[in-house]
Amino acid sequence: MTKIKVSEKNIASVSLKINQTGKTKRRKKMFTEESTFEEILSYPGMAALEKFIMQQPVEGQEDMVDPAPEEMKKITLKMLASAVSPAWNPRSMAKGFNAIAAHLDADVPMKQEIYSSEEKKADPTKERTGLLWFPAEKKGPFALVCAGGAYMSVASLVEAFPVADRLNELGVTAFVLQYRAGVKGAAEKSGEDLRRALKFILDQREKFHVEEGYAAFGFSAGGHLVSELGTDNEGYKVYGLPKPQMLGLCYPLVAFAQEDEQMENCQNIMFEEGDREQMKEHFTPVEHLSRDYPKTFIWQTVEDEQVPFEVNGHEIYRRLQKLGVPSKLKTVQHGLHGLGLGEDSEAAGWLDEAVEYWRS
């Protein structure tokens with residue numbers, strides 16, 4: 001693997017600031033639910049993170065981004081949440097952006113490229129990828145966070161930034177992964193991105209001030225991606241990675257039981273042309289579990305209208321229990337798909353429970 005160096009000077013500077021101040025982001029709030037994306041992206045250093053924030057075109061549908069980027073910049077977090085889903089919490093989103101602003105103020109080199117310029121030149125789809133580093137105060141295990149988006153996009157602003165911020169508050173260094181959603185063959189290519197990101201962090205864990213132990217959290221399609229990390233055919237054992245200390249599966253897509261237009265669109269981008277049924281079987285996590293699967297925390301609402309609870313969250317829990325794999329299911333009776341951190345909902349507090357379970 002090509003090793004990409006992180007600036008020793010920047011890392012030392014960040015570590016010094018953390019040690020001197022105790023915290024990097026306990027500051028006044030810059031953004032609220034009424035903040036526009038134009039205001040957010042105009043914050044010093046934020047424009048460099050645009051690919052983590054703004055929706056990127058879906059391959060083959062480049063003219064169908066709705067709204068267009070310039071129009072998107074004029075809307076507020078509250079307007080976006082109202083347009084997309086009642087599950088999206090604009091206050092939580094604002095808090096995530098405030099955390100990023102605080103890290104930028106502390107000169108944290110948040111944006112990390114996991115592929116070299118040569119690799120990206122050879123495969124331009126890799127330009128879409130990257131990591132955002134949310135350093136915690138003390139050295140310890142780290143967490144990788146993968147938002148969902150039906151493999152069409154990566155909704156980090158609602159499902160990753162607020163979660164990474166809360167992980168920091170709980171004393172955990174977090175990394176937010178931007179993977180190749182929106183690219184044909186996204187399931188396989190995103191898996192490559194996930195593994196590269198982990199190797200990138202682990203190879204430079206002294207620079208990132210983290211230990212070898214780690215957990216990974218994934219939401220919806222990101223939950224599919226993270227759940228694959230434990231399987232016998234696409235998991236840590238196959239690719240020589242350390243075993244995750246825990247996987248956090250948040251309303252994860254782990255089976256393809258439902259047949260509707262949304263699932264068809266998702267599969268069309270997940271898989272290349274060819275034997276669709278063979279690819280579906282290969283990338284169905286519940287069919288590739290074993291006793292070596294990592295400890296797992298799962299949560300999902302019973303009312304989930306996009307990823308059915310019984311054949312996804314509940315089903316992988318049932319199978320892990322049968323195998324004797326340590327696992328915990330947090331069943332939330334009410335709530336829509338896409339709650340993210342879950343603030344102001346019945347799912348509130350799930351992340352604290354998950355971290356406690358990870359550490360237990």
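Predicted model: local features only at pLDDT ≥ 70, side-chain atom pairs only at ≥ 80, totals over all residues.
View A. The structure holds 2 cavities of 30 Å³ or more. The largest share belongs to α10, with 4 residues. Sorted by class, the lining has 6 nonpolar, 2 polar and 3 charged residues.

View B. Most residues other than glycine have a negative phi. In Y151, which is not glycine, phi is positive, near 60°. Is Y151 buried or exposed? Its relative accessible area is 0%, so Y151 is buried.

**View C. H209, between a helix and a strand.** H209 sits in the loop between α11 (205–208) and β5 (210–219). H209 is another residue other than glycine whose phi is positive, with a value near 60°. The relative accessibility of H209 is 32%, so this residue counts as partly exposed.

**View D. The largest pocket.** This pocket has a volume of about 1400 Å³. It is lined by 46 residues, and the closest to its centre are Q55, V84, G149, M152 and S153. Which helices supply at least two residues of the lining each? They include α3 (50–53), α4 (69–72) and α5 (77–84). The lining divides into 26 nonpolar, 15 polar and 5 charged residues.

**View E. Helix α6 packed against helix α9.** Here α6 (residues 90–105) meets α9 (residues 161–169) at an angle of about 60°. Their axes are 8 Å apart. The crossing of α6 past α9 is left-handed. On the α6 side, the contact is made by S92, M93, K95, G96, F97, A99, I100 and H103. On the α9 side, F161, P162, D165, N168 and E169 take part. By class, this contact has 6 nonpolar, 4 polar and 3 charged residues.

Note on methods: Residues numbered from 1 in each chain as written. Heavy atoms only, no water. 1 Å grid on protein atoms, 1.4 Å probe; cavity = no way out; pocket = protein on both sides within 12 Å on 5 of 7 lines; lining within 4 Å. Points joined across faces, edges and corners; volume = space filled by probe spheres on them. Nonpolar A, V, L, I, M, F, W, Y, C, P; charged D, E, K, R; others polar. Buried < 20%, exposed > 50% of the residue type's maximum accessible area, 1.4 Å probe, protein only. Axes fitted to C-alpha atoms, helices over the stretch in contact; angles between N-to-C directions. Left-handed = near helix turned anticlockwise from the far one by under 90°. Contact = heavy atoms within 4.5 Å.
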